[in-house]
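Look over the model shown here.

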Amino acid sequence: MADFGGSDAAKPAVDPELQDFLMAENERARLSAQIHEFTDICWDKCVEKPSNKLDSRTETCLANCVNRFVDTSLLITQRFAQSLQKSQGM
């Protein structure tokens with residue numbers, strides 16, 4: 001019988017270029033998902049009735065909404081990085 005996935009099985013070498021490509025694609029997918037989430041949330045919050053053109057109030061609301069999400073995401077990322085640095089320093 002063949003040993004599938006056993007601990008004695010040799011692990012195949014992973015091509016670093018392939019790994020980099022997969023990491024970049026994963027980041028693109030995460031960014032795309034985040035953009036879709038911003039769009040959904042901000043659309044529901046700011047657009048009262050769809051029309052052919054955005055009025056200035058709606059446009060401003062959408063821009064502010066997305067900027068708040070971006071700022072919050074950056075703040076959380078920075079705090080997490082600081083926390084990680086502190087825990088590694090100890």
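Number the bonded cysteines of the protein in sequence order, and the pairing reads 1-4, 2-3. The structure holds 2 disulfides, a disulfide being a pair of cysteine sulfur atoms within 2.5 Å. This is a predicted model, in which local features need pLDDT of at least 70, side-chain atom pairs count only at pLDDT 80 or more, and totals for chains, interfaces and linings use all residues. Residues are numbered from 1 along each chain as its sequence is written, and side-chain values use heavy atoms, with hydrogens and water left out.

Take the pair of C42 and C65. A disulfide joins them, with 2.0 Å from S to S. The link of C42 and C65 is left-handed, at -85° about the S-S bond. C42 lies in helix α1 and C65 in helix α2, so this pair ties together parts that are 23 residues apart in sequence. Helices here are DSSP runs (H or I, at least four residues), as are strands (E, at least two), numbered from the N terminus. C42 counts as buried because its relative accessibility is 1%. C65 is buried too, with a relative accessible area of 2%. The cut-offs are these: buried means under 20% relative accessible area, exposed over 50%, and partly exposed in between, with a 1.4 Å probe and protein chains only.

Now the other pair. C46 is joined to C61 by a disulfide, S to S 2.0 Å. With -70° about the S-S bond, this link is left-handed. The pair links distant parts of the chain, with C46 in helix α1 and C61 in helix α2, 15 residues apart. Both C46 and C61 are buried.

Which residues make up the largest nonpolar core? It has 6 residues in all: C42, C46, V47, C61, L62 and C65. α1 (16–46) and α2 (56–89) are the elements that give two or more residues to this core. The largest share, 3 residues, comes from α2. A nonpolar core is a set of buried Ala, Val, Leu, Ile, Met, Phe, Trp, Tyr and Cys residues joined through side-chain atoms within 4.5 Å. Leaving aside neighbours within four places in sequence, V47 is in contact (heavy atoms within 4.5 Å) with C42, T58 and L62.

N64 also belongs to helix α2. N64 is partly exposed, with a relative accessible area of 38%. The C-alpha atoms of N64 and C42 are separated by 9.1 Å, and the two residues are 22 residues apart along the chain.

Turn to the pockets. A pocket is found on a 1 Å grid over the protein atoms alone, as an open set of points where a 1.4 Å probe fits, with protein on both sides within 12 Å along at least five of seven lines; lining residues have an atom within 4 Å of a point. The largest pocket has a volume of about 280 Å³. Volume is the space filled by probe spheres set on the points, which are joined across faces, edges and corners. E27, R30, L31, Q34, F38, V70, S73, L74 and T77 line the largest pocket. α1 and α2 each supply at least two residues of this lining, and the largest share, 5 residues, comes from α1. By class, the lining has 4 nonpolar, 3 polar and 2 charged residues. Ala, Val, Leu, Ile, Met, Phe, Trp, Tyr, Cys and Pro count as nonpolar, Asp, Glu, Lys and Arg as charged, and the others, Gly among them, as polar.

The second largest pocket holds about 200 Å³ of space. Its lining includes W43, V47, P50, L54 and T58.
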